[in-house]
Amino acid sequence: MSDIPRILYCHCAYAKVVPDDVKHEVLRQLTASEVAFDAVADLCEMSAARDPALAGLAANGPLRIAACYPRAVKWLFHAAGSPLPKDGVTVANMRTETAEEVLVQLGVAESAEASR
Amino acid sequence: MVTISARPRIILYEGASSEPLDGEIRFELIRQLLGMGYQITRVRGSGRIAQHGRQHQLVLGRFAELSSSLEVAGDTGVTVRAIDNLDAEQIVELVESAVAELAAPARPAWKPWFPVIDYDRCTNCMQCLSFCLFDVYGVSADAKIQVRNQSNCKTDCPACSRVCPEVAILFPKYKAGPINGAEIDAEDLRREAMKVDISALLGGDIYSMLRDRSAKAKSRFSKERDDERALKERQRCLAKLQEQMDIPLEVLATLPTATEIQRKAEEARARAAQALQAAADHSHPHGDL
């Protein structure tokens, strides 16, 4: 299992609870960076469908998630039968944090700086 | 309800032996595909594609040598499409056409509103099971409360989380904390404690309150024969419920009759009592306390 953190971005496509400017700026910087990442339309939808992809995301080493409240993300994975590991998971909250704060937690801000 | 087809995972391959997309095209493409409900993996570096469940994978890329350097993990089906010289809109069209060719079966309709239980806080008290009139909750084989029929949940109604004494029920798409998953502070806990006290002062659960109000209203109605006053009382009661518990008016308007509510509430209470007994039996299988 690799120690390089993977990145998961949730677009919260089925509700308007994440500010558009934050999620679009995070996505813009993420796509402009050199990093590999997973992007999903809506973690809630995947949880409701018990999408097996969540198990793959939860189980393959360190993970940095850009989504909403960490407590919500934790229990959405749990509800899908794919609980997140206790260690190695960072959740950046796009409902309350700025795009810059989220990108720092994803490790993308440093990556963008380094590539300049 | 949102209808979502069982779509393939989109792999945007920008690894070895491929040309990366222009940044603006990449952003626009991913933004549009996410808005359409797709899951996307952007691959950089070694070009290994991780497996995500059993989804079919649609690999897009500007390949120098088509698929020669692609290592595909697992036994999922893979479709590869070259996207040289295409802009974001054209790539989206290509994706839609490839998906149509796959003729994947549609996934069941989905409603972006359902409760999620925070088991770090839940005490398995079964209040939610007892409260919900729409059979959203059930009990697992090991006697734990669980969300069983999430599609029965009424959109925008967070009432069960309002009655939960432990603030253990989340609706991730709710507007405000702590129901949306925000951390719980002392003020939230104080409010919850007050809520329980209010319930106790009313002499029991909310259905008792509803029944009492209904009985009083009936009595007054029979004495006074005042349609308008009875209607106003009902509206006042509903408005209070709506305000206190943030239950949407549409949900209140679709509630069953008072008799039906009573019947359902009694059934739910019986189920909750049964579940609590099962939980107790599960904790102490030999009766030793």
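**Exercise 1. How many residues of chain B are in contact with chain A, and which elements supply them?**

Step 1. Count the contacts, where two residues touch if their C-beta atoms, placed from the backbone, lie within 7 Å. On that basis, 42 residues of chain B are in contact with 34 residues of chain A.

Step 2. Assign elements, which are DSSP runs numbered from the N terminus: helices (H or I, at least four residues) and strands (E, at least two). Helix 1, strand 3 (40-43) and strand 8 (116-117) of chain B each give two or more residues to the side that touches chain A. Helix 1 of chain B gives the largest share, seven residues.

Step 3. Sort by class: Ala, Val, Leu, Ile, Met, Phe, Trp, Tyr, Cys and Pro are nonpolar, Asp, Glu, Lys and Arg charged, the others, Gly among them, polar. This side of chain B has 19 nonpolar, 13 polar and ten charged residues.

Two notes on the source. This is a predicted model: local features need pLDDT of at least 70, side-chain atom pairs count only at pLDDT 80 or more, and totals for chains, interfaces and linings use all residues. Residues are numbered from 1 along each chain as its sequence is written, with chains lettered from A and ligands numbered from 1 in the order in which they are written.

**Exercise 2. Describe how strand 2 of chain A and strand 3 of chain B run.**

Step 1. Check pairing, which requires at least two DSSP bridges between the strands. Three bridges join strand 2 (residues 37-40) of chain A to strand 3 of chain B.

Step 2. Read the direction: the two strands run antiparallel.

Step 3. Locate a bridge. A:Phe37 has B:Arg42 as its partner in strand 3 of chain B.

**Exercise 3. At what angle do helix 1 of chain A and helix 1 of chain B pack?**

Step 1. Take the axes, lines fitted to C-alpha atoms over the stretch in contact, with angles from 0 to 180 degrees between N-to-C directions. Helix 1 (residues 20-32) of chain A and helix 1 of chain B pack at about 130 degrees, with their axes 9 Å apart.

Step 2. Classify: under 35 degrees is roughly parallel, over 145 roughly antiparallel, 65 to 115 roughly perpendicular, and the rest oblique. Helix 1 of chain A and helix 1 of chain B are therefore oblique to each other.

Step 3. List the residues. Chain A brings A:Leu27, A:Arg28, A:Thr31 and A:Ala32. Chain B brings B:Gly23, B:Arg26, B:Phe27, B:Ile30 and B:Arg31. By class, the contact has four nonpolar, two polar and three charged residues.
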